[in-house]
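Please walk me through this structure.

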Amino acid sequence: MPYKAAVFDLDGTLLNTIVDLAWATNYALKQYDMPTYTVDEIKHLVGNGVAKLIHDAVPEGTPDELCRKVLATFKEHYADHSLDTTAPYPGVVDAIDRLRASGVKCAVVSNKPDFAIADLMNHFFFGKFDYALGQRDNLKRKPDAEPVHFALQQIDVAPEDAVYIGDSEVDIATARNSDMPCISVTWGFRDKEVLLAAGATTLVDAADEMVDAILLPEK
């Protein structure tokens, strides 16, 4: 039997957002004369929310007040440029359509700020998801189970009837903490070796493989 719901990470799983994230990060750092990063270096900093991204990107020992200013600059720039180069990964849109046609509810739970989630979902996936949740002040962020369980409550599906899909070690830990199986995609921001080291048990290399793993799970 297929899962009743599939809960997806967004960045690195459904959307390739890394260039826009890198440009916004480097823009914010430049405003305060701080060193910048390559896109590949930024890949290893994302996954735990933008506050953690900026905290890790600024030089060690940066005062908290200055770190908050860099974060505010990042958010302002990213809000205006989150669609510059971002696009769905190949086959992802069709994959969601197949899942919905098969009766699987689809949700997104991300550590990206909630305002950015709304913009991206409306632009790329309008009407295709049952629920989408970004980071909110009143909810803990992944890998805590709280946002995943909150999203599942909104679509009336129990954790034991759902699967989590993501591209990073954060997503593997999120699924584990949520008492859900995890499907790890290999096209995102982490190498396969990183996923395996984090305990990945189901890896998929293409969107159609992801759909098969959701509709025909090996429970």
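The C-alpha centres of domain 1 and domain 2 lie 24 Å apart. This is a predicted model. Domain 1 takes in residues 5-16 and 87-216, and domain 2 takes in residues 17-81.

Look next at where the two domains meet. From domain 1, 16 residues are in contact with 14 residues of domain 2. The size of an interface is often given as the accessible area lost when the parts come together. Here domain 1 and domain 2 bury about 1,200 Å² between them. Carbon and sulfur atoms carry 55% of that area. On the domain 1 side, three residues lose the most area to domain 2: Phe 115, Phe 189 and Arg 190. Together they make up 36% of what that side buries.

Now turn to the sheet. It is open and built from 6 strands, in the order β5-β4-β1-β6-β7-β8. The pairing is parallel. At the edges are β5 (131-135) and β8 (203-204), each of which pairs on one side only. Strands of a sheet pair through backbone hydrogen bonds, either parallel or antiparallel. Take one pair as an example. Strand β1 (residues 5-8) runs parallel to strand β6 (residues 162-166), and 4 bridges join them. Phe 8 stands opposite Ile 165 in β6.

The largest nonpolar core has 54 residues, and within it Phe 8 and Ile 214 touch the most other members. This core draws at least three residues from each of domain 1 and domain 2.

Next comes helix α8, which spans residues 169-177. Ser 168 caps its N-terminal end. A side-chain oxygen of Ser 168 lies 3.1 Å from the backbone nitrogen of Val 170. After the helix comes Asp 179, with a positive phi near 60°. Within α8, a run of residues is buried: Val 170, Asp 171, Ile 172, Ala 173, Thr 174 and Ala 175. What do the buried residues of α8 pack against? They pack against the strands β4 (105-113), β6 and β7 (182-185), and against the helices α7 (146-154) and α9 (192-197).

Is Asp 171 buried or exposed? Asp 171 counts as buried because its relative accessible area is 1%, under the 20% cut-off. Its side chain makes a polar contact with the side chain of Tyr 164, at 3.3 Å. The side chain of Asp 171 also reaches the backbone nitrogen of Asp 167, at 3.0 Å. Leaving out residues up to four places away in sequence, Asp 171 touches Asp 9, Lys 142, Tyr 164, Gly 166 and Cys 182.

Finish with Ala 198, in the loop between α9 and β8. Why does Ala 198 count as partly exposed? The reason is its relative accessibility of 23%, which falls between the cut-offs of 20% and 50%. Ala 198 touches Glu 169, Ile 172 and Arg 176, again leaving out residues up to four places away in sequence. Leu 29 is 169 residues from Ala 198 along the chain, and their C-alpha atoms are separated by 30 Å.

Technical notes: Residues are numbered from 1 along each chain as its sequence is written. This is a predicted model: local features need pLDDT of at least 70, side-chain atom pairs count only at pLDDT 80 or more; totals for chains, interfaces and linings use all residues. Side-chain values use heavy atoms; hydrogens and water are left out. Helices (H or I, at least four residues) and strands (E, at least two) are DSSP runs, numbered from the N terminus. Buried means under 20% relative accessible area, exposed over 50%, partly exposed in between (1.4 Å probe, protein chains only). A polar contact is a pair of N or O atoms within 3.5 Å; within protein, one must be able to donate a hydrogen and the other to accept it, and residues adjacent in sequence count only if both atoms are side-chain atoms. Contact means heavy atoms within 4.5 Å. Two strands pair if DSSP finds at least two bridges between them. A nonpolar core is a set of buried Ala, Val, Leu, Ile, Met, Phe, Trp, Tyr and Cys residues joined through side-chain atoms within 4.5 Å. Domain bounds come from an automatic or database domain assignment. Buried area is the accessible area (1.4 Å probe) that two parts lose on being put together, summed over both.
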